[in-house]
Amino acid sequence: MLLSGTVIADSRTVLEDGALVVEGSEIAAVGERSEIRDRYPDLEEHEFDLLAPGLVGGHIHSVQSLGRGIADDSELLEWLFEYVLPMEASLSGDEMEVAAKLGYLEMLQSGTTTCIDHLSVNHADRAFEAAGESGIRGVLGKVMMDQRSPEGLLEETDDALAESEELIREYHGSFDDRIRYAVTPRFAVSCTEACLRGARELADAYDGVRIHTHASENRGEIDTVESDTGMRNIEWLDEVGLTGEDVVLAHCVWTDEREREILAETGTHVTYCPSSNMKLASGVAPIMEYLERGIPVALGNDGPPCNNTLDPFTEMRQASLLQKVDRLDPVAIPAEEIFEMATVNGAKAAGFDRLGKLRSGWRADVIGIDTDKARATPLHDPISHLVFGAHGDDVEFTMVDGTVLVDDGEVRSLDARSIREEASEIALDLEAYRESTDDARP
Ligand SMILES: [Zn+2]
């Protein structure tokens, strides 16, 4: 397949009149359109305004999609324990599958081709199946919670680890190795030391399995960990083995100098979630300090209840603007660097090699973006447009591993209409459930 248009091959390389050829699951060639046309005269040409590497959601909760809008304007721990966790606990297997599909649908429609996905405690297998069917690339994990957790989610440590291991055996490397596993403790507050140490042992026992958790999102969280362990949160995670090049920590808003040193020394990945941090008023993550120390930073939308969208373009824009206003520095995090976070840095966090740039021999995860609109006129700088001006709705074409999943705005791998209908029906039940628990509250 030959795709042509303005090609953003990576943050430093834009071909105004470019083209790329996809063979199987890989990119076979990238270059000037005339040169590619000469080399592949028999291939039919598919023209786009802009072509770019697929974007990577470095911290996502697909299965929270049904909770979009249920807990706006509330504080993190209330948001989590009063709304989001009870919602997760109440979902049946069928409902979990619909929730996950709604998440993958939104991501594929808006240009996210890889996600690092924090599922829930129960029915994780249904989300793995949904991800496989959707065609998305993902590193998914069943959530583990073995202390300070509500009924329906609290589990025995051994059970949490045993179920995680079963899922690794079943799904790690599945669906042509598009789907991989991350051992996923929810956060240190809701996991015992045995659970956290067990997570490290499990990840070490299987090649390529990663670790994904939340860290230092909120001041209440770090106070709790400090009173439990006598250590700062990142120091504690380091103590129990949850730092390193195979670890992805979402947020890292509240860290001190020593903790930043640990992140840098261990090569731990940080996922910056600016919309979520703003909406829950968690704070401003010290991303400039991380970048200055060489800590790898990816970008993530977090979950629909705290965002409220999985649009990766919105996230790129917020990522830059929040650092500018926090530092009172308009130069803070330029568009090219944000674009790297959303592409190649995310790919490294997810642990996929040859991903996040459009290069010969790299994996064929590609998006096509429509710029035939007032918002994109004039188009001086395509990367600046993607970071500051584009929306998920501008994505008209999505390819993962060489397979076209969205074409002309239509999703091929999932039935978008029926997923949205089912999700709306389940959400009505959730509303009734929430009203009944509201009545029961003093
Ligand atoms: Zn999260």
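**Sheet pairing, a helix contact and backbone exceptions**

Leucine 2 has valine 21 of S2 as its bridge partner. The structure is a predicted model, for which local features need pLDDT of at least 70 and side-chain atom pairs count only at pLDDT 80 or more, whereas totals for chains, interfaces and linings use all residues. Residues are numbered from 1 along each chain as its sequence is written, and side-chain values use heavy atoms, with hydrogens and water left out. Helices (H or I, at least four residues) and strands (E, at least two) are DSSP runs, numbered from the N terminus.

Strand S1 (residues 2–10) and strand S2 (residues 13–23) run antiparallel and are joined by seven bridges; two strands pair if DSSP finds at least two bridges between them. An open sheet of eight strands has the order S3-S2-S1-S4-S14-S15-S16-S17, and its pairing is mixed. Strand S3 (26–32) and strand S17 (410–411) stand at the edges with a single partner strand each, so one side of each is left without a neighbour in the sheet.

The axes of helix H5 (residues 157–171) and helix H7 (residues 193–205) come within 10 Å and cross at roughly 20°, where axes are lines fitted to C-alpha atoms, for helices over the stretch in contact, and angles run from 0 to 180 degrees between N-to-C directions. This makes H5 roughly parallel to H7, a term applied to angles under 35 degrees. H5 passes H7 in a right-handed crossing, that is, with the near helix turned clockwise from the far one by less than a right angle. On H5 the contact (heavy atoms within 4.5 Å) is made by Thr157, Leu161, Ser164, Glu165 and Ile168, and on H7 by Ala194, Cys195, Gly198, Ala199 and Leu202.

Two cis peptide bonds may be described in turn. One joins asparagine 307 and asparagine 308, with omega about 10°, and asparagine 308 is placed in the loop between strand S13 (297–299) and helix H13 (312–327). Another joins threonine 377 and proline 378, with omega about -5°; proline 378 lies in the loop between strand S14 (366–369) and helix H15 (382–389).

Positive phi values also occur outside glycine. Alanine 281, in the loop between helix H11 (274–279) and helix H12 (287–292), has a phi of about 50° and is exposed, with a relative accessible area of 66%. Isoleucine 333, in the loop between H13 and helix H14 (335–350), has a phi near 45° but is buried, with a relative accessible area of 1%. Buried denotes under 20% relative accessible area and exposed over 50% (1.4 Å probe, protein chains only).

Key. Parallel < 35°, antiparallel > 145°, perpendicular 65-115°, else oblique.
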